[in-house]
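Please work through the following exercises with the sequence and the three-dimensional structure at hand. Each task is followed by a stepwise solution.

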Amino acid sequence: MNTMSLAIMSGKGGVGKSNLSLNLGYSLAQKNHALLLMDCDLGLANLDVLLGITPEQNLQDVLLSGADVKNAIISLEKNTKEAFDILPAASGVPELTDMNSDMRDLLIKRINPSLRGYDIILMDLGAGIHGTVQSFAAMAAIRIIVLTPEPTALTDAYALIKVLSQDLGVRDFLVVVNDVASRKEEEITFKRLEMACQKFLNINPVLLGGVRHDVKLQESVLRQKPLLELFPESNAAQDIGTLADRILKIYARMEPHLEGQEPLRVLDKNKNFKA
């Protein structure tokens, strides 16, 4: 089985990145793909809260205490209608908010053997540009930037792309515009980011799609269930399903390039995948 890893990230907090990650995972599992959702925000984890679960072990235990990653992975078969797995993190671990390359390489070594049975690894990264975000971004085959139409979200998304391009040599980014009022707003927001990236970084980000504002999302958060489970006909759920379909098309094109590759690996600056 060839595994594709995706890092889902944002320059700014509060853009709905973790909810998007959770519901993308649910949608991909609906489409019969073995999926692991990794909470990679090692300072302020929240996927377990969104699902109403209390993990006994987490990613920090694997990294700091040498715990077996298999004991930290939780199957959500009993928690949701669609079966997929989650590797939780924990909050309040400041020493892991700036992961260095040695810790990154140790994590890759410890968890890769347990990841080979999945089609897709979704990595929900913390917001911002600190070292841990860059470390996880360097492990992934694909990077997805999430932003909203707010000017600060746009500015911070550009800053994240700039840092990753300068520090890691990344040239390929997918973009999701979240919480939009209309397709027109989605298009305008993306165009602003695209123009800045082209003009100042000589980078051409690719629009994966947008997700419309939906009042049902807040209700799903309060009920600690995925939006796609509770309200599959809602606008946002339909949009996320479309994003999942587009990700699977990328997976189909990329799968031949993944043969023999580890699920997570240090980024080869000369072999960025063209989405």
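**Exercise 1.** Determine how the residues of the lining of the largest pocket divide into nonpolar, polar and charged.

Solution. Step 1: apply the classes, in which Ala, Val, Leu, Ile, Met, Phe, Trp, Tyr, Cys and Pro count as nonpolar, Asp, Glu, Lys and Arg as charged, and the others, Gly among them, as polar. Step 2: the lining then divides into 13 nonpolar, 13 polar and 7 charged residues. The model is predicted: local features need pLDDT of at least 70 and side-chain atom pairs pLDDT 80 or more, while totals for chains, interfaces and linings use all residues. Numbering starts from 1 along each chain as its sequence is written, and side-chain values use heavy atoms, without hydrogens and water.

**Exercise 2.** State which helix gives the largest share of this lining.

Solution. Step 1: list the elements (DSSP runs numbered from the N terminus; helices are H or I of at least four residues, strands E of at least two). Helices H1 (17-30), H9 (216-223) and H11 (235-258) and strands E7 (174-180) and E8 (206-212) each supply at least two lining residues. Step 2: H1 provides the largest share, 5 residues.

**Exercise 3.** Classify Cys40 and Cys197 as buried or exposed.

Solution. Cys40 counts as buried because its relative accessibility is 1%. Cys197, at 0%, is likewise buried.

Definitions and conventions
Buried means under 20% relative accessible area, exposed over 50%, partly exposed in between (1.4 Å probe, protein chains only).
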